[in-house]
Structures are given as C-alpha cells and as structure tokens.
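Good morning, everyone, and thank you for making time for this short talk. Please have a look at the structure on the screen, and then we will walk through a few parts of it together.

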Amino acid sequence: DWMQGYCYQFWRCRHNGFRADGAFGQYIIVLPDEDAVIAITSETANMQDELNLVWKYLLPSMHPQALPANKTAETTLQQHLAALRLPPLQNTGDPAVISKTFEIQKNDLNISSITLNTDKNTCRVTLKKGGNSYTFNLSSGKWQPGQTQLPGPGLTAGAREDFSLLLPYKVDCSYGWNDDKTLQLKLRYIESPHTETITCHFNGDKLNADVEYSFNYGSHKIELHGDEVKQR
C-alpha cells in the first residue's frame, strides 16, 4: 500500500493519484488509473478549491475508451479559449499630462526615484532602484509589450542566486487615470503568474504611491512617499 501524505517528493492525493505542488496553485497531478497527467499554472488564494474543480469536472470526463468526436463541442471550446482576455487598464477620468521626477523616501523596495512622463496616449515610467534605472512604456486600453532587467514580484525575488539566465524579463504594461490626481500602472510579468500594480496619488508636489503584488490579493500594500524634484 502507498504511504499517506508526502513521500518521494510527491504528495499522495485522492483517486490513487499523486502530485507535485507549487506556490499559488501550480500543480502536476498524475492519475495512473486514468493514464492521465494534469498540469496547472495559476495564481489562486485557495489551492484546495482548484483541486476540487479537477475532481468535479475533469475526472468524471475520463473514460477507459475514447469518446466519439464532437466537432461542435471542440469548436465551442476553441472559441472560448481564444476569447479569454486579461483586461488592460484604461482611462476612466480625464488623462493628465505630466513630466515629473519624484525623489522617494527610504522604503522596503529600495526605490530612490520615480520619473513619470505622460501625454494623452502613452505613459513612460522610470524607476531608479539600487543605483540602476528601469524604464517601462505603458499604453492605456491595451497591453504594451516590452522587456526589462528588473525582476518581477515573486517569493524568490530576494534570494541570493543567479537570475541572469532568465534575463530579460518579458512584461506587458498598461495604465489608466482614475481621475486627474490618481494614476494606476500595471506591470504584468507574462512568464510568471504575477502582476505588480502601482497606484500614484498626486497632491501638488507630493507623490504617495501604493505598490501591490497580485499574490497578496489586496491584503498588503507597500507605501512610497516622495517629493517632486524641481528643475533648475
């Protein structure tokens, strides 16, 4: 009989299966009785609910013999998958035009300055961090693809290891003005399940920004506070 729980670097699970688990709902589920392997990539706050969906919908659809072809169902599935979208940010208020640099107070992210240049259609953001500068080009109402050397949010972002083989990181960016004093920036690291959202609140020559990582699900935001650097 198989041992219960964790064994040989795999978890034993229901229906005589075993699985490899990763953070936020990354799964490899092996079902020998069904001659099936299920791979899942996701970002979820409830990993058990994700497993329950496998047992509720996928497992009952598995049969010893091949099912007859169903071209209508296959076409419907293909159309559904092709229509799936992650909506970009867009302007819900009148877009403001700004060109400012803010010196940021000491913070946990080690960001020393933020430069923002916007017009009616684009936003260019430069983050100075640890002596290096990282620039992102963002669009409103659509995702702007790009690349960056800045590591995205993740559990291993602070680890001491060589990430050079992963560089550059692919990132899709969008922005939107909520009103004339609130600008939201979204950086989606498309080779990971994670997204970084920066919400900028302008008050004269002051900037207050909230940095939020998608895997915190709104429970934790990092606050940044800065003052505008006046041009001489």
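Let me begin with Glu191, which is exposed, because its relative accessible area is 55% and exposed means over 50%. Please keep in mind that what you see is a predicted model. Glu191 sits in the loop that connects strand 12, residues 182–189, with strand 13, residues 195–203. If you look for Tyr169, you will find that its C-alpha atom is 7.7 Å from that of Glu191, although the two residues are 22 residues apart along the chain.

In what order do the strands of the open five-stranded sheet stand? The order is 1-2-3-4-5, and the pairing is antiparallel. Strand 1, residues 6–7, and strand 5 are found at the edges, and each has a single partner strand, so one side of each has no neighbour in the sheet. Helix 1, residues 47–58, packs on this sheet and touches strand 2, strand 3, strand 4 and strand 5, with its direction making about 35° with that of strand 4.

We can follow the pairing along the sheet. Strand 1 is joined to strand 2, residues 10–13, by two bridges, and here Cys7 has Phe10 in strand 2 as its bridge partner. Strand 3, residues 17–22, and strand 4, residues 26–31, run antiparallel and are joined by five bridges, with Tyr27 in strand 4 as the bridge partner of Asp21. Their hairpin has three residues between the strands, and Phe24 in this hairpin takes a positive phi near 65°. Five bridges also connect strand 4 with strand 5, residues 36–40, where Val30 stands opposite Val37. In that hairpin there are four residues between the strands, and Asp35 takes a positive phi near 55°.

Which residues touch the most other members of the largest nonpolar core? They are Leu116, Phe136 and Leu185, in a core of 35 residues. Strand 11, residues 169–179, provides the largest share of this core, namely five residues. Another core, of 10 residues, lies apart from it and includes Cys13, Tyr27, Leu51 and Val54. Coming back to Leu185, and leaving aside its neighbours within four places in sequence, we find it in contact with residues including Leu89, Leu116, Cys123, Val125, Tyr175 and Ile198.

Conventions:
Residues numbered from 1 in each chain as written. Predicted model: local features only at pLDDT ≥ 70, side-chain atom pairs only at ≥ 80, totals over all residues. Heavy atoms only, no water. Core = buried A, V, L, I, M, F, W, Y, C linked by side-chain atoms within 4.5 Å. Buried < 20%, exposed > 50% of the residue type's maximum accessible area, 1.4 Å probe, protein only. Contact = heavy atoms within 4.5 Å. Pairing = 2+ DSSP bridges. Axes fitted to C-alpha atoms, helices over the stretch in contact; angles between N-to-C directions.
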